[in-house]
Every structure is written in C-alpha cells, then in structure tokens.
Amino acid sequence: MSVVIEETKCVSCGVCVKVCPSDVLVMEDKKAPPVVKYPYECWHCGACVEECPVQGAIQLRIPLPQMLLYK
C-alpha cells in the first residue's frame, strides 16, 4: 500500500482527500479517517503528506523500483 493513514493521529479534516490528484483517498464517513480506496492509482506525489495539518498522520510508502527516482 502506498499511502498509510495513522488512525490515532488523523483528525478527519479531509484535506488529503481534496489535494490528491488521482483520487486515491475517499471520505466514507465525516467522523472517520479517510480510506485508501485505490492504492494502485497513487502517483506517489506526496501532496497528501505535505498538506496534512497533523505531522505524521500520513506516511507515503514508495515502491523500491521508484525509490531510485527520489533523493
């Protein structure tokens, strides 16, 4: 899974759902953390991690072959 949401840290604000360019995250319930609905559609852009107001609530796991592209 590319996006991991820490349910204990997430405040369910929905910012990550709004900024995701490929609609990977979905808010099924307004009081619950977002759900990673389409993990294989993730572009690994990091927009959800950067825009999240809570530090460490979202982690981006980059597949090993793509790690060569990141510094």
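## The salt bridge

In this predicted model, glutamate 28 and lysine 37 are joined through their side chains by a salt bridge, with 2.9 Å from N to O. A search of the whole structure finds one salt bridge. Side chains of opposite charge can pair when their charged atoms come close.

The two partners fall into separate classes of accessibility. Glutamate 28 has a relative accessible area of 52%; because the limit for an exposed residue is over 50%, glutamate 28 is classed as exposed. Lysine 37, at 39% relative accessibility, is partly exposed.

## Cysteines without disulfides

The search of the whole structure finds zero disulfides. For cysteine 45, the nearest cysteine sulfur belongs to cysteine 20 and is 6.3 Å away.

As for accessibility, cysteine 45 is partly exposed, with a relative accessible area of 48%. Cysteine 48, in contrast, is buried, and its relative accessible area is 8%.

Which residues is serine 2 in contact with, leaving aside its neighbours within four places in sequence? They are Pro39, Cys42, His44, Gln59, Leu60 and Arg61. With proline 39 there is also a polar approach: a polar atom of the serine 2 side chain lies 3.4 Å from the backbone oxygen of proline 39.

## Two residues with positive phi

Histidine 44, one of the residues in contact with serine 2, has a positive phi of about 60° although it is not a glycine. Histidine 44 belongs to the loop that runs between β3 (35–36) and α2 (47–51). With 8% relative accessibility, histidine 44 is buried.

Aspartate 23 also has a positive phi, of about 55°, and is not a glycine. The loop that holds aspartate 23 lies between α1 (15–19) and β2 (25–26).

Definitions and conventions:
Residues numbered from 1 in each chain as written. Predicted model: local features only at pLDDT ≥ 70, side-chain atom pairs only at ≥ 80, totals over all residues. Heavy atoms only, no water. Polar contact = N/O pair within 3.5 Å; in protein donor to acceptor, adjacent residues only side chain to side chain. Contact = heavy atoms within 4.5 Å. Helix = DSSP H or I, 4+ residues; strand = E, 2+ residues; numbered from the N terminus. Buried < 20%, exposed > 50% of the residue type's maximum accessible area, 1.4 Å probe, protein only. Salt bridge = Lys/Arg side-chain N within 4 Å of Asp/Glu carboxyl O. Disulfide = S-S within 2.5 Å.
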